[in-house]
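Welcome! Here is a short briefing to read with the sequence and the 3D view side by side. Take the topics in any order you like.

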Amino acid sequence: MNHDNERSLSIRPEQRRTSSWDMFATWVGANANNGTWYIGGVLAACGFAAAMGVLLFSSALSYLFLSLIGFIGFKTGVSTMGISRASFGIRGSYLPSLINVTQFIGWTAVNTYIAATSVSYLMHDIAGWPLYGQPGGSKGMICGILVMSILHIISIASGSRSVQLIERIGIVLVFIFVLWESVVVFQSVSLHEIMSWHVPAKFKMNTGTAVDTVAAFNLAWVTAGADFTRFTKKKTTATVMPFVGALLGVVWFAFIGLVATISIAVASGGYDPNNSDPSTIASRLGLGILALIVIILTSMTANAVNLLAAGSALSNIFPRLKLKISLWIVAVLATVVTFIPMILGSFLDTFIVFLDYIGMVLGPIISIIVVDFYLRNRGHYHLADLTKREGRYWYTNGVNWIAVLTWLAGTVIFFGLQHSEFLEKTVGATFITMVLSGVLYYYLMKLSYGGSKKDVN
């Protein structure tokens with residue numbers, strides 16, 4: 001298969017029909033989901049005040065990069081992984097594309113696992129099936145994974161248009177559910193009790209670790225930014241709406257996961273981080289069958305975005321592969337990956353390892369893309385050359401080895417800084433790694449090519 005065809009990567013003007021509301025709903029819906037709720041529950045290990053501070057700081061900083069990537073998508077009409085061809089090279093872009101495929105399949109699996117847990121609870125309440133963790137409980141989880149797989153296929157049936165429809169419906173359901181859960185939580189435990197709760201010492205999470213955890217969660221969306229903003233007509237729709245929508249979604253839903261987890265700890269007198277998943281919380285709060293159904297549907301809205309991003313990245317690697325076929329492939333792979341936590345036996349441990357992987361590999365990629373467009377190329381790319389052999393983005397046999405080596409250096413830097421006791425207790429390793437990777441890329445490119453790449457060739 002010839003991966004280096006000269007088909008245009010940019011969309012046609014008539015395809016730019018995403019409104020500000022659709023963009024806002026897409027990013028609120030992307031974060032107002034089970035995974036965000038779970039992140040809030042994990043952050044409970046910091047205590048309420050520290051968790052909220054970390055959540056606001058790390059999320060806002062992460063979504064500044066979402067706006068920057070969003071503008072590139074608006075300006076070029078090209079997906080994020082298509083854009084990465086300019087910095088990594090046409091063939092070199094397969095590296096970030098492969099990483100994007102794996103991480104969005106991973107996020108789909110995370111949300112599917114949580115939703116499958118809800119299905120397990122539903123089957124327990126409706127048909128008396130044993131809960132997962134009890135003898136015979138795997139039956140409910142397997143049923144849940146298969147149900148979610150069917151819902152995923154429905155959500156991506158018409159590509160980006162069906163995703164928009166799913167998000168429009170999902171945001172209304174999420175809004176109603178969050179209000180309902182908030183009322184239930186604060187009926188049983190006061191905000192003062194939640195704010196005054198102290199984390200048991202053996203479960204205490206350091207601030208820097210929390211910053212890296214939230215950053216890994218949020219930066220995962222950044223590499224999908226242009227996949228959606230390229231369909232917009234206005235700059236504000238591509239930059240402001242993703243930032244506001246994603247920030248609102250993550251703070252809103254993580255807050256609910258945070259207070260719900262702490263309220264259970266206060267009421268029960270014991271804290272268990274493994275009880276942070278939405279299905280367990282909904283059951284412990286007595287929210288009933290309807291809550292479990294909403295959890296399943298909100299997982300569907302989030303995974304519609306995950307699958308579209310994964311499919312788009314796969315299409316960059318195999319340009320002749322139609323997007324709908326790519327979506328089917330990643331949906332099937334995500335179903336298979338969802339079984340991994342069942343095999344390993346701990347969803348929390350699997351989730352933390354997954355977040356470490358994301359933090360290590362994504363930060364340098366985002367920095368390279370942003371520095372290349374805004375500083376190296378002064379906000380302009382030659383779109384025709386994004387698919388042209390021997391063009392200005394061909395570099396060495398299609399690969400910009402400086403970008404690849406910078407990415408490798410960035411992953412090593414992250415791994416080293418993550419073991420710094422000072423950073424672990426303060427600001428974490430993610431954002432420092434991103435700054436260092438960006439600086440390294442800029443100066444290595446300057447040494448190799450001199451001026452802006454747009455002036456070369």
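A cavity here is a set of grid points where a 1.4 Å probe fits but cannot get out, and its volume is the space filled by probe spheres set on those points. With that in hand, we can look at this predicted model, from the whole chain down to single residues.

**The chain as a whole**

- The chain holds 19 helices and 0 strands.
- Of its 457 residues, 61% are buried.

**An enclosed space**

- The model has 2 cavities of 30 Å³ or more.
- The second largest cavity has a volume of about 50 Å³.
- Which residues line the second largest cavity? They are Ala30, Asn33, Trp107, Asn111, Phe217, Trp221, Ala302 and Asn306.
- Helix 5 (94-127), helix 9 (207-222) and helix 13 (288-317) are the elements that each give two or more residues to this lining.
- By class, the lining of the second largest cavity is made up of 5 nonpolar residues and 3 polar ones, with no charged residue.

**Two helices that pack together**

- Two packed helices are described by the angle between their axes and the distance between the axes.
- For helix 4 (residues 80-88) and helix 16 (residues 347-376), the angle is about 70 degrees and the axes are 9 Å apart.
- Angles of 65 to 115 degrees count as roughly perpendicular, so helix 4 is roughly perpendicular to helix 16.
- On the helix 4 side, the contact is made by Thr80, Ile83, Ser84, Ala86, Ser87 and Phe88; helix 16 brings Ile365, Ile368, Ile369 and Asp372.
- Sorted by class, the contact between helix 4 and helix 16 has 6 nonpolar, 3 polar and 1 charged residues.

**Phe414, in helix 17**

- You will find Phe414 in helix 17 (residues 401-417).
- Is Phe414 buried or exposed? Its relative accessible area is 2% and the cut-off for buried is under 20%, so Phe414 is buried.
- Leaving out residues up to four places away in sequence, Phe414 touches Asp356, Gly359, Met360, Ala429, Thr430 and Thr433.
- Met434 is 20 residues from Phe414 along the chain, and their C-alpha atoms are separated by 8.8 Å.

**Trp129, in a loop**

- Trp129 belongs to the loop between helix 5 and helix 6.
- With a relative accessible area of 21%, Trp129 is partly exposed, because that class covers values between the 20% limit for buried and the 50% limit for exposed.
- Apart from neighbours within four places in sequence, Trp129 is in contact with Met123, His124, Lys139, Gly140 and Cys143.

**Ile142, in helix 6**

- Ile142 has its place in helix 6 (residues 138-155).
- How exposed is this residue, and what is its relative accessible area? Ile142 is partly exposed, at 34%.
- When residues up to four places away in sequence are not counted, Ile142 touches Phe339 and Met342.
- The C-alpha atoms of Ile142 and Thr117 are 9.4 Å apart, and these two residues are 25 residues apart along the chain.

Key:
Residues numbered from 1 in each chain as written. Predicted model: local features only at pLDDT ≥ 70, side-chain atom pairs only at ≥ 80, totals over all residues. Heavy atoms only, no water. 1 Å grid on protein atoms, 1.4 Å probe; cavity = no way out; pocket = protein on both sides within 12 Å on 5 of 7 lines; lining within 4 Å. Helix = DSSP H or I, 4+ residues; strand = E, 2+ residues; numbered from the N terminus. Nonpolar A, V, L, I, M, F, W, Y, C, P; charged D, E, K, R; others polar. Axes fitted to C-alpha atoms, helices over the stretch in contact; angles between N-to-C directions. Parallel < 35°, antiparallel > 145°, perpendicular 65-115°, else oblique. Contact = heavy atoms within 4.5 Å. Buried < 20%, exposed > 50% of the residue type's maximum accessible area, 1.4 Å probe, protein only.
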